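Hi,

Could you have a look at the structure below when you get a moment?

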Amino acid sequence: MYDVSSNTSHASALLVWYDRHRRVLPWRAAPGEPSDPYAVWLSEIMLQQTTVTAVKPYFAAFLKRWPDVAALAAAPVDEVMRQWAGLGYYSRARNLHACALAIAQRFGGRFPDDEAALRALPGLGPYTAAAIAAIAFGRRAVVVDGNVERVVARLFAIETPTPAAKPLIRERAAAITPDHRAGDYAQAMMDLGATICTPKQPACAICPLSQACGGKALGDPARFPVRMPKTVRPRRRGAAFYVTRADGAVLVRTRPPKGLLGGMTEIPGTPWSGDFIEGSALDLAPIKARYRKLDGCVEHVFTHFALQLSVYVGEVETASAAPEGCRWTPAERLDGEALPSLMRKVVEAARGATEV
DNA sequence: TAATCGTGGTC
DNA sequence: TGACCAAGATT
């Protein structure tokens with residue numbers, strides 16, 4: 001206890017707190033128990049920009065269906081995409097499968113245990129590689145996610161607006177990262193950010209780092225991290241065509257593998273643009289049919305734009321062939337398609353309007 | 001460096 | 001009700 005450098009004191013105060021207040025999470029090993037690298041990896045990918053609440057059911061479903069990395073590697077990528085549907089950021093699912101294949105084929109089914117090798121795998125960036133090295137293998141690593149950024153920015157009262165402050169935040173984070181209990185420390189920082197040092201109203205009164213916190217000393221810790229002024233979110237509009245055959249089959253198509261909703265199933269529609277003309281929507285219908293426009297719009301907000309989608313409902317004869325790029329899917333199999341949430345909204349709107 | 005890439009919850 | 005936010009990666 002004679003080393004009173006900030007390095008050790010921050011970490012030990014945090015670890016004492018963690019031993020008492022750590023969250024119980026499905027992918028987290030019990031104290032003293034070894035963690036399963038597969039579970040750690042799977043959860044870390046799912047948790048990228050995604051809440052714990054949203055991840056839990058997906059994590060359980062994946063683990064039940066594919067209990068280890070070999071099972072996941074052996075699955076068709078389309079099955080993985082379907083299982084991922086609804087969780088968002090679909091390139092994660094494609095990379096997840098690519099990573100499982102790499103582990104199975106290049107590493108004999110065992111995850112590499114150092115940060116650099118992990119970093120080279122698909123879908124593993126600086127954060128995730130460091131997190132897995134620390135949590136699954138006990139390696140010292142500087143783990144910086146959104147929680148750590150917030151905690152560190154407050155602790156050191158960093159005035160530089162993010163994202164310009166990232167290098168400084170990383171430097172400060174490295175300076176307080178201990179050499180021991182790497183996994184516990186990384187998870188402690190994230191638990192602190194998630195439960196105490198929260199974005200809006202940090203609970204400084206019960207924070208183990210409050211004594212050392214520069215942001216608190218200044219009187220307004222919630223001011224950190226300092227953000228750059230926000231940009232406006234543009235709105236785009238378009239139309240979707242929900243076409244059914246007399247036998248109930250629905251016309252769908254698969255989006256290109258890359259880009260927005262890459263590789264996912266969609267209801268055919270027009271491009272989405274800022275200057276969409278409602279009156280010319282029907283000129284872009286994928287197949288000739290009698291269409292009825294539903295009242296209102298399906299609304300959906302993406303990260304960088306908001307979308308308003310008109311929905312047209314049409315019906316064709318059973319003999320009708322699917323147009324180029326489209327396919328018919330039986331009504332009872334539509335829910336099993338890799339439908340992103342936006343498209344589930346479209347389907348729901350169309351069904352609600354047709355079944356009355 | 002700056003865009004792009006989902007979704008659901010919160011205030 | 002709209003803006004912000006969540007265990008970021010990729011290009």
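First, a term: a polar contact here is a pair of N or O atoms within 3.5 Å; within protein, one must be able to donate a hydrogen and the other to accept it, and residues adjacent in sequence count only if both atoms are side-chain atoms. For Tyr-89, a polar side-chain atom sits 2.9 Å from a base oxygen of DNA strand B.

Some housekeeping: this is a predicted model, where local features need pLDDT of at least 70, side-chain atom pairs count only at pLDDT 80 or more, and totals for chains, interfaces and linings use all residues. Residues are numbered from 1 along each chain as its sequence is written, chains are lettered from A and ligands numbered from 1 in the order in which they are written, and side-chain values use heavy atoms, with hydrogens and water left out.

Back to the DNA. In total, 18 residues surround DNA strand B, counting a residue as near if one of its heavy atoms lies within 4 Å of the strand. The closest are Leu-261, Val-301, Thr-303, His-304 and Ser-341.

Now the pockets (on a 1 Å grid over the protein atoms alone, a pocket is an open set of points where a 1.4 Å probe fits, with protein on both sides within 12 Å along at least five of seven lines; lining residues have an atom within 4 Å of a point). The largest pocket is lined by 46 residues, with Glu-44, Tyr-127, Asp-145, Asn-147 and Met-190 nearest its centre. Its biggest contributor is α11 (182-195), which gives seven residues to the lining.

What lies nearest the centre of the second largest pocket? Gly-88, Tyr-89, Tyr-90, Leu-260 and Leu-261 do, out of 23 lining residues. Here α6 (91-106), β5 and α13 each give two or more residues, and α6 gives the most, with three.

Cheers

Key
Helix = DSSP H or I, 4+ residues; strand = E, 2+ residues; numbered from the N terminus.
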